[in-house]
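Please walk through this structure, taking its aromatic rings, its ligand shell, its salt bridges and a surface patch in turn.

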Amino acid sequence: MRLNGEISSGEDEKEKQPGTTTFSGQKVVVGYALTSKKKKSFLQPSFTSLARNKGIIFVAVDLKKPLPEQGPFDIILHKLSGEEWDDIIEDYRQKHPEVTVLDPPDAIRHLHNRQSMLQDVVDLNLSDCHGKVSIPRQLVITKEKDPSSIPYEVTKAGMKLPLVAKPLVVDGTAKSHELFLAYDEFSLSELEPPLVLQEFVNHGGLLFKIYVVGETIKVVRRFSLPNISKRELSKVAGVFRFPRVSCAAASADDADLDPNIAVTLHFQMIYT
Ligand SMILES: Nc1ncnc2c1ncn2[C@@H]1O[C@H](COP(=O)(O)OP(=O)(O)OP(=O)(O)O)[C@@H](O)[C@H]1O
Ligand SMILES: O=P(O)(O)O[C@H]1[C@H](O)[C@@H](O)[C@H](OP(=O)(O)O)[C@@H](OP(=O)(O)O)[C@H]1O
């Protein structure tokens, strides 16, 4: 297959994966358009090397050049945000129906907003399905709102403390993963809308993260925010920032959990 573009050099990809055989058939070319953060986390040498052995080649899309002039690609893998990029991808999809675009902007738009993201879970209506699947009670504070009005909004909505505050927009930046924990509603006026406020759900300081790709399902355990007791709530005030809760570094897969906790947690998986 012909290639016009920078091919992931593979120079650092010396690590051979056990059990992999070198591919000798038709190649699949994946054009990728990712942030430098995502390139670092996703396009790891061990991964691109494994992919190469299976005939999958990653080629960087040059954002300074028109997309239709690049390739040919079999797949476009992108995670960039913004209307301009969405238009480029949509236009490319129309002109190149033979290329698989993962994911078309229209199909993932609702995931860029924490309110619309969780609406799908609500719509599934799994309130009585071998247990309870629900989302935390939440309130959206739009960007037009004056932060000083947040305490009033919270009281009006009857939200119970403590509250978790998250950026409304999810755009893959480190800032969009930030989370704030507020023990009293007044300190919420220090935060910057647009926000989603959620009631804090005690979940034993652990959560299960489930990855699904086609038929393959992988479940991992992560340490999370610990339970907050009524006593603690009555003694603590203020808003606390957590840059990244339950990230990969907080893996609890090897933790020796009390079996009783593990069983309880099994029934407490929460959608956040
Ligand atoms: N309402 C809540 N009550 C208690 N803990 C919460 C709540 N919301 C989030 N958390 C904790 O904070 C973590 C991060 O929440 P967030 O909503 O940012 O998850 P996410 O966007 O699904 O995370 P990721 O970006 O890793 O996919 C959760 O995994 C959970 O441990
Ligand atoms: O490492 P896990 O627990 O799987 O969490 C991932 C999040 O679920 C993703 O949302 C992050 O990607 P974005 O930052 O592009 O949203 C992703 O960011 P990363 O690719 O920069 O590591 C991870 O934080």
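Is Phe47 buried, partly exposed or exposed? Phe47 has 30% relative accessibility, so it counts as partly exposed; buried means under 20% relative accessible area, exposed over 50%, and partly exposed in between, with a 1.4 Å probe and protein chains only. The model is predicted: local features need pLDDT of at least 70, side-chain atom pairs count only at pLDDT 80 or more, and totals for chains, interfaces and linings use all residues. Residues are numbered from 1 along each chain as its sequence is written, chains are lettered from A and ligands numbered from 1 in the order in which they are written, and side-chain values use heavy atoms, with hydrogens and water left out.

A pair of aromatic rings is described by the distance of the centres and the angle of the planes. Rings of Phe, Tyr and Trp (its six-membered ring) pair if their centres lie within 6.5 Å; planes under 30 degrees apart count as stacked, over 60 as edge-to-face and the rest as tilted. By this rule there are five aromatic pairs. Phe42 and Phe47 make a tilted pair, because their ring centres are 5.0 Å apart and their planes stand at 50 degrees. Phe42 also pairs with Phe58, this time edge-to-face, at 6.4 Å centre to centre and 85 degrees between the planes. This second pair links distant parts of the chain, since Phe42 is in helix α1 (residues 36-42) and Phe58 in strand β3 (residues 56-60), 16 residues apart. Helices (H or I, at least four residues) and strands (E, at least two) are DSSP runs, numbered from the N terminus. Phe42, at 31% relative accessibility, is partly exposed, whereas Phe58, at 7%, is buried. Ring pairs join Tyr32, Phe42, Phe47 and Phe58 into a cluster.

Helix α1 also takes part in the shell around ligand 2, giving the most to it, with three residues. The residues around the ligand (those with a heavy atom within 4 Å of it) include Lys37, Lys38, Ser41, Gly172 and Tyr211. Some make polar contacts, meaning pairs of N or O atoms within 3.5 Å; within protein, one must be able to donate a hydrogen and the other to accept it, and residues adjacent in sequence count only if both atoms are side-chain atoms. An N or O atom in the side chain of Lys38 is 2.5 Å from an oxygen atom of ligand 2. For Ser41, a polar side-chain atom is 2.7 Å from a ligand 2 oxygen, and for Gly172 a polar backbone atom is 3.2 Å from one.

Side chains of opposite charge can pair when their charged atoms come close. A salt bridge is a side-chain nitrogen of Lys or Arg within 4 Å of a carboxyl oxygen of Asp or Glu, and the structure holds ten. One of them joins Lys95 and Asp91 at 3.0 Å, N to O. These two residues are separated by about one helical turn, because they are four residues apart in helix α3 (residues 83-95). Another salt bridge, between Glu178 and Arg241, has its closest N and O atoms 2.9 Å apart. Glu178 lies in the loop between β7 (163-167) and β8 (179-182) and Arg241 in strand β12 (residues 239-242), so the pair ties together parts 63 residues apart in sequence. Glu178 is buried at 11% relative accessible area, while Arg241 is partly exposed at 48%.
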